[in-house]
Amino acid sequence: MISRKTSRRAALQQSLAVAGMLVAAGVLPRTALAYNKEAFDAKTVADVVKALGAGAPAESKDVTITGPDIAENGAVVPLGAATTLAGVKQLLVLVEKNPNTMVAGFNVTDAVEPNFLTRAKLGQSSDVYAVAITNDGKAFYAKKEVKVTLGGCGG
Amino acid sequence: MADPMRIRAQASGGNATVRVLMAHEMETGQRKDASGKTIPAWFIQEVTASLNGKPVLTAEWGPAVSKNPFMQFTVKGAKAGDKIAVTWKDNRGDTRTDEATVS
Amino acid sequence: MRKTTLCAVLALAAFAPHAWAQKSTSDGIAEYREMLQDGNPAELFEAKGEDLWKQKRGPRKASLERCDLGKGPGVVKGAFVELPRYFADTGKVQDLESRLVTCMSQLQGIDPKEVIDGAWGKGERANVTALATWVGSQSKDMKFNLPQSQQQERAFYEVGKRLFFQRGGSHDFSCASCHGEEGKRIRLQDLPHLSGKAEDGVGFAAWPAYRVSSGEMWTMQHRLNDCYRQQRFPEPIYASDATIALGVYLGVNARGTKSAVPAIKR
């Protein structure tokens with residue numbers, strides 16, 4: 001009895017490990033998973049992109065990050081990600097110095113323009129990134145610095 | 001039942017720019033309350049939108065999206081009178097759908 | 001108009017990266033505030049307030065649609081910019097929040113204590129905030145025109161003025177300590193000169209406002225309460241005569257300026 005349970009658990013663990021390796025090898029599509037917990041837990045730009053199954057990101061003039069230079073309050077910082085590249089499947093908004101780097105991922109389809117605006121919390125002044133991930137697994141980014149100030153007591 | 005979203009969809013040049021305001025705490029799970037207990041994470045994880053019933057957008061969000069989130073996107077091939085529906089789902093499994101007509 | 005402004009900001013970003021680097025801090029903050037104008041979460045409270053105005057609620061299961069905010073029963077447009085004012089039925093000068101409490105009590109049977117003894121952001125007090133946000137929004141961009149025709153209105157102005165300059169509390173602060181002079185600021189927050197020449201959308205003309213730092217909707221009552229707290233005074237009773245008198249003083253000083261309500265703030 002006990003040995004059968006153990007071996008079943010072991011078998012499960014092994015197949016999970018194999019699946020993990022297949023995913024890492026790019027054979028199983030990571031982005032097919034609806035909510036990519038690994039991407040949202042990642043602590044660096046590189047780790048977010050890796051968790052989404054794309055190669056190391058390269059800077060590109062065809063990707064745009066919009067946002068203020070100074071945010072009066074880090075609780076609400078308007079950030080926009082856009083791209084003119086073809087074959088983009090995902091546009092990400094990242095805040096480098098946040099406890100977890102990934103803020104949001106927008107899946108690009110033919111039905112929407114690859115241009116999204118949202119508002120993010122910034123824990124501190126940080127570089128913010130727009131990352132475009134293409135169908136063939138390449139990643140391109142644009143970044144800018146957003147300074148976060150602590151306002152005064154009023155207003 | 002969560003409070004309703006505010007959706008504005010404006011047609012322009014064959015597309016519709018959609019602006020959405022959602023009522024949600026977007027709790028990160030990193031704050032502590034007065035007694036020092038961590039306030040559990042509670043945030044929208046998934047956002048979807050459709051045009052006349054056809055899915056046009058899906059997005060995944062983390063807790064770093066601001067409280068009472070704002071989102072703007074542009075739907076292609078939309079005109080005045082079309083229906084835009086937006087749905088969010090949070091990490092507790094709560095969900096909310098609201099609709100607006102493109103003006 | 002808002003959409004054009006956002007486009008203008010984005011256009012600036014695309015074509016003038018060098019100019020951005022040389023921009024002053026206050027310009028940067030002005031741009032940040034401009035970016036938030038479109039999609040003010042206050043709209044969520046506005047929508048809730050409109051629902052509450054029309055919903056049959058309370059022991060009397062009635063709506064607020066017959067509430068007289070100073071321009072006649074049910075007249076909402078333009079009411080905000082004429083408050084606080086004197087009301088014959090209560091014999092008192094009342095501000096927006098206290099008048100909403102009166103209507104909720106008289107029309108719906110809701111006990112004023114639920115608001116006055118309540119907590120910010122909860123229960124009936126939160127409902128008053130939502131209602132105030134909606135009522136305020138119906139006078140957006142209209143000019144303040146508080147009446148001073150009634151003797152009590154004039155008396156409240158004088159009381160408000162004296163309260164404004166009255167120093168006290170552990171730090172010997174008055175409202176004037178922060179708001180009595182031109183050009184004052186706390187860290188990066190410019191402090192409006194509330195006893196001087198008023199400006200469109202500033203000071204009295206900016207509350208109710210959505211505060212992004214806490215994600216809360218604040219009415220003038222909340223703002224005044226927090227000012228007193230920051231001055232190390234005891235917090236005033238909700239809708240007390242003192243708070244209404246200050247509202248009259250600030251509102252009359254704001255005559256002719258435009259309301260920006262509901263605004264968005266740090």
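1. Let me start where two chains meet: 23 residues from chain B and 27 residues from chain A make up the contact, where two residues are in contact if their C-beta atoms, placed from the backbone, lie within 7 Å. Please keep in mind that this is a predicted model, in which local features need pLDDT of at least 70 and side-chain atom pairs count only at pLDDT 80 or more, while totals for chains, interfaces and linings use all residues. Residues are numbered from 1 along each chain as its sequence is written, and chains are lettered from A and ligands numbered from 1 in the order in which they are written.

2. Two strands pair if DSSP finds at least two bridges between them. T118(A) has M71(B) as its bridge partner in strand 5 of chain B.

3. Within chain B, strand 3 has antiparallel partners worth a look. Seven bridges link strand 3 of chain B to strand 6 (residues 83-90) of chain B, with V47(B) and W88(B) as bridge partners. Six bridges link strand 3 of chain B to strand 4 of chain B, and S50(B) stands opposite P55(B) there. The hairpin of strand 3 and strand 4 of chain B has two residues between the strands, and N52(B) takes a positive phi near 50° in it.

4. Chain C touches chain B as well. This contact takes eight residues from chain C and nine residues from chain B. On the chain C side, three are nonpolar, two polar and three charged.

5. In chain A, strand 9 (residues 139-148) pairs in the parallel sense with strand 1 (residues 58-59) over two bridges, and A58(A) has F140(A) as its bridge partner. Strand 3 (residues 70-71) of chain A also runs parallel to strand 9 of chain A, joined by two bridges, and I70(A) is partnered with K147(A). Strand 8 (residues 126-134) of chain A is antiparallel to strand 9 of chain A, with eight bridges. In the hairpin of strands 8 and 9 of chain A, which has four residues between the strands, G137(A) takes a positive phi near 80°.

6. Leaving aside neighbours within four places in sequence, the contacts of V131(A) include V49(A), P57(A), L92(A) and L94(A). The largest nonpolar core has 138 residues, and L94(A), A130(A) and V131(A) touch the most other members. Such a core is a set of buried Ala, Val, Leu, Ile, Met, Phe, Trp, Tyr and Cys residues joined through C-beta atoms within 7 Å. Helix 11 of chain C gives the most to this core, with seven residues.

7. Beyond neighbours within four places in sequence, A81(A) is in contact with I65(A), L91(A), L92(A), V93(A), F116(A) and A130(A).

8. Finally, helix 8 (residues 151-165) and helix 11 (residues 241-253) of chain C pack at about 95°, with their axes 7 Å apart. Axes are lines fitted to C-alpha atoms, for helices over the stretch in contact, and angles run from 0 to 180 degrees between N-to-C directions. The two helices of chain C are therefore roughly perpendicular, a term for angles of 65 to 115 degrees; under 35 is roughly parallel, over 145 roughly antiparallel and the rest oblique. Their contact has twelve nonpolar, one polar and two charged residues.

Technical notes
Nonpolar A, V, L, I, M, F, W, Y, C, P; charged D, E, K, R; others polar. Buried ≥ 20, exposed ≤ 12 C-beta atoms within 10 Å, placed from the backbone.
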